[in-house]
Amino acid sequence: MESEALADLGPARRRALFERDAGIDAVRDDVRDIVSRVREEGDAALREFASEFDGVEVGNLDVSDQAERAYDEIDDDVRDAIETAVENVRAFHEAQLPEDWTREFDGRELGRRFRPVERVGAYVPGGAATYPSSVVMTVVPATVAGVEQVAVATPPAEELNPVTLAACHAAGADRVYAAGGAQAIAALAYGTETVDRTQLVVGPGNKWVTAAKAEVRGDVEIDFLAGPSEVCVVADDTCTPEFVAADLLAQAEHDPNASVVAVTDDEATADAVCDAVAAGLEGRERADVIEAALDSDASGVFHARSMSEAVLFAEEYAAEHLSVQAAEDEAVLERIDNAGSVFLGPYTPVAAGDYATGTNHVLPTNAGAKVQGGLSVDTFVRASTVQRLDEGALADLRDTVTTLADAEGLEAHERSVDVRFDD
């Protein structure tokens, strides 16, 4: 990996950086077929796809009973780590709980009330790596919101990862299903003989999962299209290059389609980060995955002519994770609007937020941070407005309502007001 000057980037390179789709478009047709088959064939399709894609012959798709056993059987230190993560994530999300309110506006009593969604499906990736942390991040906010039933779907295996199962129990999942990929999203969206249909599907995943969420959206609500991981590090010459490199490598090991970038206002710092990336790559267990991500056209280490140019790059990139490792990190933050989650300072690695600070690691990717935030209690609640008018308040509004109703040609609307004042 060699550093590049932002000023020298051509149109094709800029498109790859700013219009990244992580390969989702390439799998849409195949995903559409998978979703259709699960919708039509139910459990039989899930078992067939488990054999084809996961190399596993699945008996019971519902593995909920294994979660409690796994919780009791895992190592004490792992159980304690899960419980600490659950506690921190719960505390942060409890602070987000909205409260019903009512106020008077010139005689009109108006308000909002909040109620949880009833049934939620959470997707937890598996396969080459396991993600008990994603169980915590998806299930805990749902339970804090008061969701009645939370189901987890995670890829099948000859032996399901006991830590993931234990996390399901600790976080409060009601159901756990051995189903992965696009087929799991379809099952949660439409239901099967075993899998209960949900109203909302949340959670991160690879390009197949993300494409499936796009396919079922409209028949079921989704959180957002959270594809392969992303990180952008904004640094200056006061940073520790090895720290920057460590954050790039950490996110790159998630997925060969991950996007990892660093941008600095100092060319020597950019070169030092590249050297640190090369050194840090040596001996990594998932070196092949990391190298694929680093080689992506949506990844790179860049040097800008100024910190202002670096910040503009970060704003346009709109990363899932934004790390600011600069002397004036608060000043940089003041100029940033587009980021899923922000990590300030040299001792705030992205991995801390991935697991245990309490913030959520399910975040928008592919520049989705320009229009929405990450998973939160808000994801799992719906708001209703409430209003009460007395006769005087309606009288004050009568002319406004009837005039606008008449202008729209809606006579019955107009009459619904006037009838209340007939003698």
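**A friendly note on the aromatic residues**

1. Let's start inside: F18 and F313 are both buried (under 20% relative accessible area with a 1.4 Å probe, counting protein chains only; exposed is over 50%, partly exposed in between). This is a predicted model, in which local features need pLDDT of at least 70 and side-chain atom pairs pLDDT 80 or more, while totals for chains, interfaces and linings use all residues. Residues are numbered from 1 along each chain as its sequence is written, and side-chain values use heavy atoms, without hydrogens and water.

2. How are the rings of F18 and F313 placed? Their centres are 5.4 Å apart and their planes meet at 55°, so the pair is tilted. Rings of Phe, Tyr and Trp (its six-membered ring) pair if their centres lie within 6.5 Å; planes under 30 degrees apart are stacked, over 60 edge-to-face, and the rest tilted. F18 sits in helix 1 (residues 11–18) and F313 in helix 13 (residues 307–317), 295 residues apart. Helices here are DSSP runs (H or I, at least four residues), numbered from the N terminus.

3. F313 also pairs with Y317: with centres 5.8 Å apart and planes at 20°, the pair is stacked. Y317 is buried too, like F313. Together, F18, F302, F313 and Y317 make one aromatic cluster.

4. Now look at two arginines. The charged end of R79 sits over the ring of Y71, 5.5 Å from its centre, and R103 lies over the face of W101 at 4.7 Å from the ring centre. The cut-offs are NZ of Lys or CZ of Arg within 6 Å of the ring centre and within 35 degrees of the ring normal.

Terms used:
Helices (H or I, at least four residues) and strands (E, at least two) are DSSP runs, numbered from the N terminus.
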